[in-house]
Amino acid sequence: MITIQIDPSLAAVLKVGVVDLGGLTVHAENPRWDVIEGLCAELRAEFGDTPIGRVPGVEWARQLYSSVSIDPTKHRPSSEALLRRALKGEPLHQINTLVDALNWCSLEYLIPMGLYSTSRIEGDVAIRYGQPGEAYEGIGRGIVNLDGRLVAADRHGAFGSPTSDSYRTAVSVDTRQVLAILYVPIDYPDDDLAEAVESFAERAQSWCGGEVQRTDVLRG
């Protein structure tokens, strides 16, 4: 099992939820996509005319970014990017049943979540600041500069962040085991984070089968 450690420099501002799933069967087509469309419609009906910064729950990811000196209005958390599309009536991207399950939870709980193919992670994982010159090819984003950003990294360097994950550890229909990381500020309610962790685990199993190998909440 992969060991995950939060860098001491982040211990006072960050905690993460962790889900490790194995034995998965990931499908390209999602027959339950209507569930996500329904959530988008509900959010649009309730908050369509509300400035996004005033939507309840958005403040948590923004607080996390601000606490690590990242302007959340310039480098948006992935959860807020999903919310923006939903409120504008723009369709979310349907990727595969596993990524869809994660995006469903990220949109519902409004916290950024990363999803990584375990077979493509080398060694243990550190949650840390990106180093000078560090970058990767982000999924649908081109080259992402990671200097000073919040990242998840293995022995080969960064592979994920609360903004955009990398192609190196991307989930596909061939993925059988994944690691999910939920990024929240240190004072985010423990019960709410545990609920989000369990919710993703349940939804991923519902759509992709497999078994839960680990659920956890980690602090530095």
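Helices (H or I, at least four residues) and strands (E, at least two) are DSSP runs, numbered from the N terminus. Residues are numbered from 1 along each chain as its sequence is written. This is a predicted model, so local features need pLDDT of at least 70, side-chain atom pairs count only at pLDDT 80 or more, and totals for chains, interfaces and linings use all residues, while side-chain values use heavy atoms, leaving out hydrogens and water.

**Stop 1: the end of helix 5.** Pick Gly 209, which follows helix 5 and has a positive phi, near 70°. Now select the helix itself, residues 190–208. Its 19 residues reach 27 Å from first C-alpha to last, close to the 27 Å expected at 1.5 Å a residue (that is, 1.5 Å times one less than the number of residues). Show the side chains of Leu 193, Phe 200 and Trp 207, which are among the buried residues of helix 5 (buried means under 20% relative accessible area with a 1.4 Å probe, protein chains only). What do the buried residues of helix 5 pack against? Their partners include helix 1 (33–47) and helix 4 (97–109), as well as strand 3 and strand 9; contact means heavy atoms within 4.5 Å.

Stop 2: Colour four strands in the order 3-9-2-10: they form an open sheet with antiparallel pairing (two strands pair if DSSP finds at least two bridges between them). At the edges, pairing on one side only, are strand 3 (113–117) and strand 10 (211–219). Zoom in on strand 2 (residues 14–22), joined to strand 10 by eight bridges.

**Stop 3: Thr 118.** Go to the loop between strand 3 and strand 4 (125–129), where you'll find Thr 118. Is Thr 118 buried or exposed? Thr 118 counts as buried because its relative accessibility is 13%. Leaving aside neighbours within four places in sequence, Thr 118 is in contact with Ile 2, Gln 177, Val 178 and Leu 179. A polar atom of its side chain lies 3.5 Å from the backbone nitrogen of Leu 179.

**Stop 4: a hairpin.** Finish with strand 5 (residues 135–138) and strand 6 (residues 142–145), antiparallel and joined by four bridges. Click Tyr 136 to see Val 144 opposite, in strand 6. Three residues separate the two strands of this hairpin, and Gly 140 in the turn has a positive phi of about 70°.

Methods:
Axes are lines fitted to C-alpha atoms, for helices over the stretch in contact, and angles run from 0 to 180 degrees between N-to-C directions. Buried means under 20% relative accessible area, exposed over 50%, partly exposed in between (1.4 Å probe, protein chains only). A polar contact is a pair of N or O atoms within 3.5 Å; within protein, one must be able to donate a hydrogen and the other to accept it, and residues adjacent in sequence count only if both atoms are side-chain atoms.
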